[in-house]
Amino acid sequence: QLQLVESGGGLVLPGGSLRLSCAASGSPLSWYGLAWYRQAPGKEREGVSCINKRGGGTYVADSVKGRFTISRDNAKSTMYLQMNDLEPEDTAVYYCAAVGMDDDCSGWLQFSSVVDYWGKGTLVTVSS
């Protein structure tokens with residue numbers, strides 16, 4: 001059983017930066033493809049970015065391309081999301097997720113039903 005705990009959310013001005021972390025325990029992180037999802041008020045949960053099991057490939061949604069970077073450190077059992085040039089539209093609860101599939105994550109990111117484990121989320125608010 002894998003447990004995921006997000007941290008790093010908060011209130012930031014437009015144009016600012018935040019780095020989210022997702023700490024894992026209970027199973028080796030290397031067993032899983034990992035992803036960040038977000039859910040804004042009144043909207044469906046959407047996939048933001050993902051990284052394959054061994055960090056060999058990543059995918060970033062068009063809405064955040066060029067601004068968000070995903071990374072993982074299996075030795076530290078932690079995944080990160082560096083978010084730069086934040087916009088009010090990025091306001092949402094951000095969730096980390098783990099998927100046991102071997103497939104390239106770009107193929108499953110937009111199908112949250114494949115997620116095996118979820119964190120409880122961290123709130124990011126972008127506002128002046």
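Predicted model: local features only at pLDDT ≥ 70, side-chain atom pairs only at ≥ 80, totals over all residues.

**The disulfides**

Modeller: With 55° about the S-S bond, the link between C22 and C96 is right-handed. Its two ends come from distant parts of the chain: C22 belongs to strand 3 (residues 18-25) and C96 to strand 9 (residues 92-99), 74 residues apart. The S to S distance of C22 and C96 is 2.2 Å, and the pair counts as a disulfide because the cut-off is within 2.5 Å. In general terms, such a link is a covalent bond between the sulfur atoms of two cysteines.

Both ends of this link can be checked for burial, for which the cut-off is under 20% relative accessible area. C22 has 3% relative accessibility, so C22 is buried. C96 has a relative accessible area of 0%, so C96 is buried too.

A search of the whole structure gives two disulfides. Besides the link already described, C50 is joined to C105, with an S to S distance of 2.2 Å. Here C50 sits in strand 5 (residues 46-51), while C105 sits in the loop between strand 9 and strand 10 (117-118), so the link ties together parts that are 55 residues apart in sequence. The link of C50 and C105 is right-handed, with 75° about the S-S bond. C50 is buried because its relative accessibility is 0%. C105 is buried as well, since its relative accessible area is 1%.

The pairing can also be written as a pattern. If the bonded cysteines of the chain are numbered in sequence order, the pairing reads 1-3, 2-4.

Technical notes
Residues numbered from 1 in each chain as written. Heavy atoms only, no water. Helix = DSSP H or I, 4+ residues; strand = E, 2+ residues; numbered from the N terminus. Buried < 20%, exposed > 50% of the residue type's maximum accessible area, 1.4 Å probe, protein only.
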